[in-house]
Amino acid sequence: MNTETNGQSLIKLEGVTKVFLTDEVETHALSGIHLDILKGEYVSIAGPSGCGKSTLLSILGLLDTPTDGQYVLNSRPVQGLSLAERARIRNREIGFIFQSFNLIGDLTVYENVDLPLTYRGMPAAERKQRVNEALEKVGMAHRAKHLPSQLSGGQQQRVAVARALAGYPSVLLADEPTGNLDSKNGDAVMELLENLHKTGSTIVMVTHDHRFARHAVRSVHLFDGRVVEESATTKEAEMSL
Amino acid sequence: MNDLRYAFRLLAKSPGFTAVVVLTLALGIGAHTAIFSIVNATFLRALPYPEPDRLVHLSETGDSNVAYPNFEDWYAGQDVFSALAIYRTDGRKLKTPDSAEQIAIAQVSADFFPAVGVHAAQGRDLTADDDRAGAAPVVWLTHAAWQRYFAGDPKIIGQTVLLDGAPTGVAGILPASFHFHRSADLFVPLGPFLDQLFMRERGNRNGTYVIGRLKPGVTFEAARAQMTAIGRRLEQAYPKVNAGRGIFMQPLRERLAGEARTNLLLLLGAVGMVLLIACVNVANMLLARSFGRAREMAIRTALGASRRDLFRQLLAESLLLAAAGGVVGALLGAWGYDIVSRLVPWEMRALMEGTAGLDRGVLLFIIGLTLITGIAFGLAGAWAVNRLLQSQLFGVTGTDPLTYAGSALLLLLAALVACYVPARRAMRINPTEALRAE
Ligand SMILES: Nc1ncnc2c1ncn2[C@@H]1O[C@H](COP(=O)(O)OP(=O)(O)OP(=O)(O)O)[C@@H](O)[C@H]1O
Ligand SMILES: [Mg+2]
């Protein structure tokens with residue numbers, strides 16, 4: 001994981017706009033987003049369904065490109081990078097955690113966590129050490145040889161978190177990581193993320209459940225593709241929506 | 001994880017899908033290879049003689065055989081052939097050191113070896129002195145017969161063997177590379193047998209064939225003009241037996257191919273279609289599957305897989321399928337070859353003797369093609385996935401008609417190549433044309 005919050009900008013969005021064109025209908029998923037995320041921050045993104053949260057996350061994760069605007073990651077503008085370059089950055093700098101876990105069903109727990117490291121061409125010995133470390137961190141080392149279908153939802157999500165962690169990314173991007181979990185398992189995953197944050201990870205998490213949003217240090221509110229509110233979250237200053 | 005290992009695991013996990021794809025490919029490959037091998041051996045490949053396009057089959061019109069006295073007059077009257085030979089085939093009992101074997105012999109006239117362009121590999125060649133009544137009986141062994149009946153004994157030359165009980169001196173052994181287009185284990189001069197076979201009679205054709213080798217620079221047409229004139233003279237000289245009997249000439253290869261040519265080429269076209277349909281079917285199955293796996297590919301992309309990583313993985317899978325299809329196809333092909341070779345007219349079977357079943361070049365070609373098709377499958381899959389990627393991670397699904405059409409087109413092209421190359425080779429040959437051009 002990277003350093004503690006030290007005022008260094010990790011993610012900088014300036015006037016980011018995303019327009020989808022389907023059957024000649026324009027959808028403005030994002031309109032002029034400005035966002036600054038510092039290293040070590042824990043940011044939650046909230047807002048109603050369809051307001052552009054996932055779109056924002058996929059732009060942050062270099063899975064999609066903005067229609068307009070600037071994105072600077074780790075003081076490097078990412079516009080105009082080749083596909084291979086983007087894949088490389090995604091592999092090294094970004095860790096994804098999805099609502100539906102998105103583990104690969106034909107791979108074991110161990111192989112799932114190992115997968116992003118193999119794309120990096122990392123030597124086997126180092127990979128092994130990283131995978132074991134990550135699995136231990138999420139408390140899943142004892143299930144390394146299991147297939148995802150043999151695990152509960154909460155366990156699968158913990159494996160997904162381990163997969164995101166294993167490569168020591170600059171930022172973890174989580175899209176409703178608790179959305180498919182019951183509250184007990186959801187709480188456990190949230191606690192896991194909070195611990196990661198305490199040890200220095202930068203986390204951007206989408207959630208429309210403000211029970212969870214309060215875990216974050218800072219909350220960004222989207223409405224209809226725009227940032228309508230930014231606030232430091234405390235137990236008292238909860239979003240009301 | 002190793003791409004191949006993962007591919008193997010995936011395919012093993014859906015045995016039904018794998019079996020259908022492999023069998024479809026195997027059928028296409030097998031049928032195509034079997035037919036193409038046979039067409040190649042019989043029509044496309046040159047006859048197994050030096051300068052085969054100079055070889056001509058001659059007969060009396062209205063008969064495939066030639067009476068010996070007529071042949072003698074042809075021989076004396078022409079100057080267009082560097083060698084002109086008459087031969088017939090027969091059976092004999094050969095006494096070997098161990099037992100007696102029923103074998104096939106060819107009785108040939110003096111020019112026979114020069115006509116087919118072969119010299120004895122050991123011993124001496126046949127001379128005009130051997131080919132006359134009362135000459136000491138001698139025999140030339142094919143390499144195969146020498147190995148089979150005399151265990152390749154090098155001291156056999158000059159020794160005497162018994163043919164139907166008649167002591168016959170071994171004069172030579174033919175090279176291993178020589179394969180006559182009719183079955184014959186042994187070659188003996190025809191001359192000593194003329195009387196015994198009543199072949200001095202101008203009406204007796206007695207199963208004979210005539211083969212000629214055009215002199216360098218003499219065209220088929222020029223030779224035909226001269227032979228036609230000779231034939232006409234013989235009709236007038238011997239009206240009783242020769243009336244209406246001119247001289248018929250045909251390039252040897254055309255003669256041998258005969259009617260089977262059309263049938264086999266049609267069959268080749270038909271199995272070409274089978275291969276094409278197989279490829280398109282497999283393409284469909286693989287594409288449907290890769291659509292089903294778009295989500296997995298999207299996950300991999302999110303984890304930082306480059307396009308190359310995805311392609312490599314899909315490639316590993318399709319190559320594995322193509323390789324399995326190739327192996328099973330080769331087996332089916334070998335089996336199909338035996339079946340289809342029964343369609344080949346008997347005159348041509350001997351041509352296939354030098355070739356041990358399936359043509360390795362053809363098989364390699366088809367397998368190479370399957371691999372290319374495999375790469376096309378991989379490409380198409382990767383491309384399809386690439387286009388679908390966006391929506392997958394966040395739950396949207398859907399198929400993309402453009403991708404589908406594009407991938408199908410790509411595969412169709414691969415399949416077309418599979419048919420085009422053999423078809424083009426088949427269409428290019430025209431022995432008549434080739435002979436005339438000389
Ligand atoms: N690939 C796409 N093509 C067209 N429109 C899209 C696409 N992806 C998203 N959209 C549209 O953009 C808008 C924002 O979508 P997005 O998925 O970012 O919303 P969200 O905030 O994540 O919603 P939810 O909370 O339901 O997940 C929606 O109107 C959606 O229909
Ligand atoms: Mg969403």
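1. Val220(A) stands opposite Glu230(A), a residue of strand E10(A). Keep in mind that this is a predicted model. The pair belongs to two strands, E9 (residues 218–223) of chain A and E10(A), which run antiparallel and share six bridges. Together E9(A) and E10(A) make a hairpin, with two residues between them. Look at Asp224(A) in that turn: its phi is positive, about 55°.

2. The order is E6-E7-E8-E3-E9-E10, and the pairing is mixed. Strand E6 (94–97) and strand E10 (226–232) of chain A each have a single partner strand, so one side of each has no neighbour in the sheet. From one strand to the next, the twist averages 20°.

3. Elsewhere in this sheet, take strand E7 (residues 171–175) and strand E8 (residues 202–206) of chain A. These two pair in the parallel sense, over five bridges. One bridge to inspect joins Ala174(A) to Met205(A) in E8(A). As a general point, strands of a sheet pair through backbone hydrogen bonds, either parallel or antiparallel.

4. Two helices of chain A pack against this part of the sheet. Helix H2 (residues 83–93) of chain A lies across E6 and E7 of chain A, at about 75° to E6(A). Helix H5 (residues 153–166) of chain A also touches E6 and E7 of chain A. The direction of H5 makes about 170° with that of E6(A).

5. Chain A holds another open sheet, this one of four strands. Its order is E2-E1-E4-E5, with antiparallel pairing. Strand E2 (25–38) and strand E5 (76–77) of chain A are the edge strands, pairing on one side only. Inside the sheet, strand E1 (residues 9–22) and strand E4 (residues 68–73) of chain A are antiparallel over five bridges. Ile11(A) faces Leu73(A) of E4(A). Helix H1 (residues 53–60) of chain A lies across E1, E2 and E4 of chain A and runs at about 120° to E1(A).

6. Now the interface. On the chain B side, 21 residues are in contact with 24 residues of chain A. The two chains bury about 2,100 Å² between them. Carbon and sulfur atoms account for 58% of that area.

7. How many salt bridges are counted between chain B and chain A? The count is two. Over all chains, a search of the whole structure finds 22. One to check is Asp106(A) with Lys13(B), where the closest N and O atoms are 2.4 Å apart. Asp106(A) lies in the loop between E6 and helix H3 (109–119) of chain A, and Lys13(B) lies in helix H1 of chain B, so the pair joins two chains.

8. Polar contacts also cross this interface: six residue pairs qualify, with both residues at pLDDT 80 or more. Three helices of chain B, H1 (3–13), H10 (294–302) and H11 (307–340), each supply at least two residues to the side that touches chain A. The largest share, six residues, comes from H10(B). By class, the side of chain B that touches chain A has nine nonpolar, four polar and eight charged residues.

Definitions and conventions
Residues are numbered from 1 along each chain as its sequence is written. Chains are lettered from A and ligands numbered from 1 in the order in which they are written. This is a predicted model: local features need pLDDT of at least 70, side-chain atom pairs count only at pLDDT 80 or more; totals for chains, interfaces and linings use all residues. Side-chain values use heavy atoms; hydrogens and water are left out. Two strands pair if DSSP finds at least two bridges between them. Axes are lines fitted to C-alpha atoms, for helices over the stretch in contact, and angles run from 0 to 180 degrees between N-to-C directions. Contact means heavy atoms within 4.5 Å. Buried area is the accessible area (1.4 Å probe) that two parts lose on being put together, summed over both. A salt bridge is a side-chain nitrogen of Lys or Arg within 4 Å of a carboxyl oxygen of Asp or Glu. A polar contact is a pair of N or O atoms within 3.5 Å; within protein, one must be able to donate a hydrogen and the other to accept it, and residues adjacent in sequence count only if both atoms are side-chain atoms. Ala, Val, Leu, Ile, Met, Phe, Trp, Tyr, Cys and Pro count as nonpolar, Asp, Glu, Lys and Arg as charged, and the others, Gly among them, as polar.
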